[in-house]
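Here are a few exercises to work through with the model open beside you. Try each one before reading its solution.

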Amino acid sequence: CLVGTDSISGSILCLKVCGLGQYPLSDVLCDDCAVGYYSATTDIFDCESCISGYSSDVGSDNCVACLSGYYSTVGSSCQPCVAGTYSTAANKCSCQY
């Protein structure tokens with residue numbers, strides 16, 4: 001691979017080494033991780049999903065807990081509890097009735 005690119009073991013494709021919160025699209029392009037996904041290192045080839053109860057903004061290098069009154073499922077944004085439901089603690093994967 002050329003300088004600034006890397007490959008997965010056994011792969012013939014070289015991809016750009018990207019910054020935190022990004023993943024490679026090709027040997028010259030990177031894109032930001034989507035909401036609910038993150039990249040904490042520069043040596044990965046795809047973003048990782050946040051676990052339930054956590055989320056991230058676009059281009060994040062970590063996940064943060066959803067606040068009380070909100071919830072999230074794997075790889076999604078924090079959503080407010082719907083009318084008639086609640087969440088009294090942070091980092092919840094659902095709201096209660």
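**Exercise 1.** What does the accessible surface of the protein come to, and what percentage belongs to carbon and sulfur atoms?

*Solution.* The total is about 6,000 Å², using the Shrake-Rupley method with a 1.4 Å probe. Of that surface, carbon and sulfur atoms hold 55%.

A word on the ground rules: this is a predicted model, where local features need pLDDT of at least 70, side-chain atom pairs count only at pLDDT 80 or more, and totals for chains, interfaces and linings use all residues. Residues are numbered from 1 along each chain as its sequence is written, and side-chain values use heavy atoms, with hydrogens and water left out.

**Exercise 2.** Work out the overall build of the protein.

*Solution.* Start with the elements: zero helices and ten strands (DSSP runs, with helices being H or I of at least four residues and strands E of at least two, numbered from the N terminus). Next, the radius of gyration is 17 Å, well over the 13 Å from the globule rule for 97 residues, so the protein is more spread out than a compact globule (C-alpha atoms only; the rule is 2.2 Å times the number of residues to the power 0.38). Finally, the C-alpha trace spans about 55 × 20 × 15 Å along its principal axes.

**Exercise 3.** Is Ser-72 buried or exposed?

*Solution.* Then check its relative accessible area, which is 1%, so Ser-72 is buried (under 20%; exposed is over 50%, partly exposed in between, with a 1.4 Å probe and protein chains only). Lastly, look at the side chain of Ser-72, which reaches the backbone oxygen of Tyr-54 at 3.0 Å.

Methods: A polar contact is a pair of N or O atoms within 3.5 Å; within protein, one must be able to donate a hydrogen and the other to accept it, and residues adjacent in sequence count only if both atoms are side-chain atoms.
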